[in-house]
Structures are given as C-alpha cells and as structure tokens.
Protein chains: 2
Amino acid sequence: MESPRERYDFLVLCSKRLPDKYSLVAMVSPLITPGYTTIVLMQNGLFIHVPFTTQFPQNVIMSAVSMIGVFTEGSNKIKQIGSDILQIGAHYHSGVTDSVSSQWTQTFFDMYSSGGAKSCVLATDMMQTRYAQLLWNAPYNCLCALMGMTVSEVQRSGAREKLVEPMMREIVAIAKADGIVLTEELVHEILYRSPEASRWRPSMMLDREQGRPMEIEVILGDAIRKGKELGVEAKVIESVYELLCLVRWRSDNPVDRGEAHIG
Amino acid sequence: MESPRERYDFLVLCSKRLPDKYSLVAMVSPLITPGYTTIVLMQNGLFIHVPFTTQFPQNVIMSAVSMIGVFTEGSNKIKQIGSDILQIGAHYHSGVTDSVSSQWTQTFFDMYSSGGAKSCVLATDMMQTRYAQLLWNAPYNCLCALMGMTVSEVQRSGAREKLVEPMMREIVAIAKADGIVLTEELVHEILYRSPEASRWRPSMMLDREQGRPMEIEVILGDAIRKGKELGVEAKVIESVYELLCLVRWRSDNPVDRGEAHIG
C-alpha cells in the first residue's frame, strides 16, 4: 500500500534518451504508480513512448517537442539563449481510454502554459509532430555532429542539397509507410528554416564535443529500424547512422595511432 | 619540328590525381609527343586513362596498380616500409592498334621488372584490375580518411560488415554494369585480406592528416558518375563521397565556431 505522499500525479522526463547506454524506463520505474502516474516525455526521438506504453500499459503517456534554446556551461550552470516553445500531446494507446489521455494532457498543458512559456501548443497527432521534428533532427543534428560543422556551414557547403534533403526524403518515406503524411511544404520549410548566418550548433554536436554520448539510437536508429520493418530503404540515413556508430565505438575504444601505408 | 632530345619514349606519372584541383593532362602536355610518347599512369583511381586517351588519341596508354608501401616524412624524405608490387597493363583504345599497345607495354614491363621489383605482373584487362583495386580503395581508404581510423579499427569496430561490405557490393554492381566481373571470391578475399592487427593508415588518411587534398574524385567520384550513367544506384558510396566533399569544403573554408543551440 502506498501513501499519497509516495504517489506522483506526473513524472516529467527531460533527460537525454540513450537506450544503448541504459534503460530509462527501468531507472524511473520506482517513481511510477501503475495505472496512475501520468508520464510526460520532453525528449528527442521517434518512438520514445514505446518502452513506457509497454511497461506501463495503463498509464497516460504524453510527449513534447521542445525548442528551449538552453545548454549547460561548466559543471552545473544553465544558460538559456532562446525562447521556450513547446508542442505537447498524448500518445493514445489501448490501455487508456482516449478521453482520459486527453484530460490529463490538457491538465498538464494548462499548468505548463501558466508557467509562462513563450509558446505552448497542443498537438493532436503526436507521432506526426515527432516525425516532423525528426525531419530537422535527423539530418541537421546528425550531420553537424558527424562533421563538426554548424548548421550554417552545412547549409553553405552544399550539403543541404546533397545530404540534408536526401535524408529528409528518406524520413518522409518511412513516415508515409508508418501512416504519417509529411507534406512537401513542410519539407521545404524545414529545409530552409534556419537562417543562413545562424551559426547554430545542435545538441548532438555539443554532446560529441563535450565527450558525452549522442542520441544516435532514438534519432536515427529508431527511424531506420521502423523503415526496415515496413520495407522502406533508407541508405543515406543508414550510412550516417553507421558512421556515427563509429564515433561511438571510438569513444569507447582507445586511439590506435597506426602505421603509415600506401593504399 | 622536334629534335630527338626533346622527344620522350615514356612519360611515367606517379603523382596524386586531383582533377578537382588541376588538370594533370594540361600540366604534362608539353612533355608528350602526339602519336609517339607512351604514357604510363602509376596512380590511384578508376578512369584515370580517359583524359589521356581523349587528349592524345594516338598514343599508347598504360596504367599500373602499385602497392609500394612508401610515404614521405617531413618535407623531402621518402620512407619505404613495404615491398614494390606492381600490376601493369595497356588501356587498349581505338587510336592505337592493340599489337602496338601490347608491344610498348611489354617493353616497359621488362624495363621495370629488371629494376628489381618484388613482383611485377602483366595485367591482361586493366579495367578489371583497376576495379579490383577500387574494391579495397573505395571503402577502406575513404572510411579511414573520413573517420580518422586505421584499417584495423574499421575492421574491429563492426564497420567492415556495416559499411565496407555494402560499399564493395556497390562497386561490384557498377563494375558489372560496366562489363567487368568482380567475383564473390575476390570480394571476400579483399574484405578479409588485411590482418586484424594491421594498424595500416591508407594514403587518403595520411593526406587528410597532413592537410593535403584527397583523391576523392578518382576514387569515389568517377565510380559514382559511371554508376549514374549506367543506372546503378550506389547510395552508400555516394553518402561517403558527399561527406568527404564536406571535409574538402572545410579545408577550403575557415572554421566557424558557432553558438550553442538545442536542436
């Protein structure tokens, strides 16, 4: 029996998602009351709700796509340079009636909005919203991290046309096979949204620079696995994924200086 | 009119091939007597003979795949750590009768062999030999250069299965469409040829480390362009090619440190 003191209405998760390093759902399980606690995932990635709907099939699950323009400086200093813009919505699933999912999502939405976010939008189709976020995240975040280039450099170098757009088209194809429509207008808008002189360095690039693990699996791995399941070929994002896996391998394995050789 | 003193029997080219930086055929044209000088290309790449057969359609052209295990140290010191193994053969073309091409190739072969190479083999189908070389060069040379990893690291990291082999399969498909058979046995042999503990650092990796331009165009670009011409899709080598083009772009453009941003 639990006392009310030990029972949480909401569990809000804002951490990185690194399923290759640890199981988040296992870590936070003691904080969740089955069939009661509403789980709010403010995190990157495509199928981040699945481990929670699987483990807690009677709990309300919602997720949010957040653009908050914030990063850590030093060991414990938070710097906010952008506005807090949030899209949030329920992940409807069979263990919870839709009206209950909606109600708790609205409750959390009202609380969050009242806190003074610049913009908080209720998303009706959260998978559509997450795929749309991935349209930006998969190419820009991953290419910047892989190549050590800012968003602006990726754009100016010709990679927007040669790599970013092909990667976006593969995400569109996977989404389509998964029943989600990402329009041509959306692709065009996201492809050209970032200002040419933005000099932005996305989160995965910062992670690599600071020696932290990167969210490869939830940003590219999940999309590729879904594509394979649905018979969609996505060789460009797969190649970038495999190369980022090499970066991960290198960070787990000491440098081998090697010998010069003509090949 | 030329005096015999100014007329060369052979022009042997052992330089890098960087068609994105300069035209080698334009540079060496003054040394070539049309219809007379035999041109010997000891260089990396796939269609390296084409600019010469185009510009000098009446000259004998041959090329060689060389494994000589040699590199420069400092500004002008040559270090040789491996044996000189050469495969050489004629590029037969319509401007020269085959017997003349064969004869001059044999003459050069005899001269080269008498110099004491460890192994000098006369190749009957030079395009087959060049495609076979590309089977190693395209994946290993390019992945090592892109990721800053030795051949052994590429092998141990899982990239041999995930990236090297898919890249080899694309080369096989392009070769096939171009009328050249690269057998399964050859793919397997080249895939597993390098010892696990080799610690080799291929030439393109050395070029990148030392700030020199890389042979991207003749190693990947030419193969991709031939594939496009023949309707063969090769998304993995194309992705690696585009990423190496970003490395080239970066070396031509100053670093932009950028601003932190969550994406």
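How far apart do the C-alpha centres of domain 1 of chain A and domain 2 of chain A lie? They lie 22 Å apart, in a predicted model where local features need pLDDT of at least 70 and side-chain atom pairs count only at pLDDT 80 or more, while totals for chains, interfaces and linings use all residues. Residues are numbered from 1 along each chain as its sequence is written, chains are lettered from A and ligands numbered from 1 in the order in which they are written, and side-chain values use heavy atoms, with hydrogens and water left out.

**Domains of chain A**

- The domain assignment, whose bounds come from an automatic or database source, gives domain 1 as residues 10-124 and domain 2 as residues 127-252 of chain A.
- The UniProt annotation "domain: Ketopantoate reductase C-terminal", from an unreviewed entry, covers residues 125-244 of chain A; UniProt positions are given in the numbering used here, feature names are shortened, and annotations may be inferred rather than shown by experiment.
- Over residues 125-244 of chain A the chain is 73% helix and 2% strand, with the end C-alpha atoms 30 Å apart; helices (H or I, at least four residues) and strands (E, at least two) are DSSP runs, numbered from the N terminus.

**Where the two domains of chain A meet**

- Contact, meaning heavy atoms within 4.5 Å, joins 22 residues of domain 1 of chain A to 23 residues of domain 2 of chain A.
- Between them the two domains of chain A bury about 2000 Å², with 58% of it on carbon and sulfur atoms; buried area is the accessible area (1.4 Å probe) that two parts lose on being put together, summed over both.
- Of the area that domain 1 of chain A buries against domain 2 of chain A, 33% is supplied by Asn44(A), Leu46(A) and Phe47(A), more than by any other three residues.
- Three salt bridges are counted between the two domains of chain A, a salt bridge being a side-chain nitrogen of Lys or Arg within 4 Å of a carboxyl oxygen of Asp or Glu.

**Salt bridges within chain A**

- Side chains of opposite charge can pair when their charged atoms come close.
- Arg248(A) and Asp20(A) meet through their side chains in a salt bridge at 2.8 Å, N to O.
- Another salt bridge joins the side chains of Lys16(A) and Asp207(A), also at 2.8 Å, N to O.
- This pair links distant parts of the chain, 191 residues apart, with Lys16(A) in the loop between β1 (10-13) and α1 (24-28) of chain A and Asp207(A) in helix α8 (residues 203-209) of chain A.
- Over all chains, the structure holds 32 salt bridges.

**Where chain B meets chain A**

- The contact draws 48 residues from chain B and 48 residues from chain A.
- About 4600 Å² is buried between chain B and chain A, and carbon and sulfur atoms give 60% of that area.
- Two salt bridges are counted between the chains, and Arg250(A) and Glu153(B) meet in a salt bridge through their side chains (2.4 Å, N to O).
- Among the elements that give two or more residues to the side of chain B that touches chain A are α4 (126-147), α6 (159-177) and α10 (235-252) of chain B.
- The element α10(B) gives the most to that side, with nine residues.
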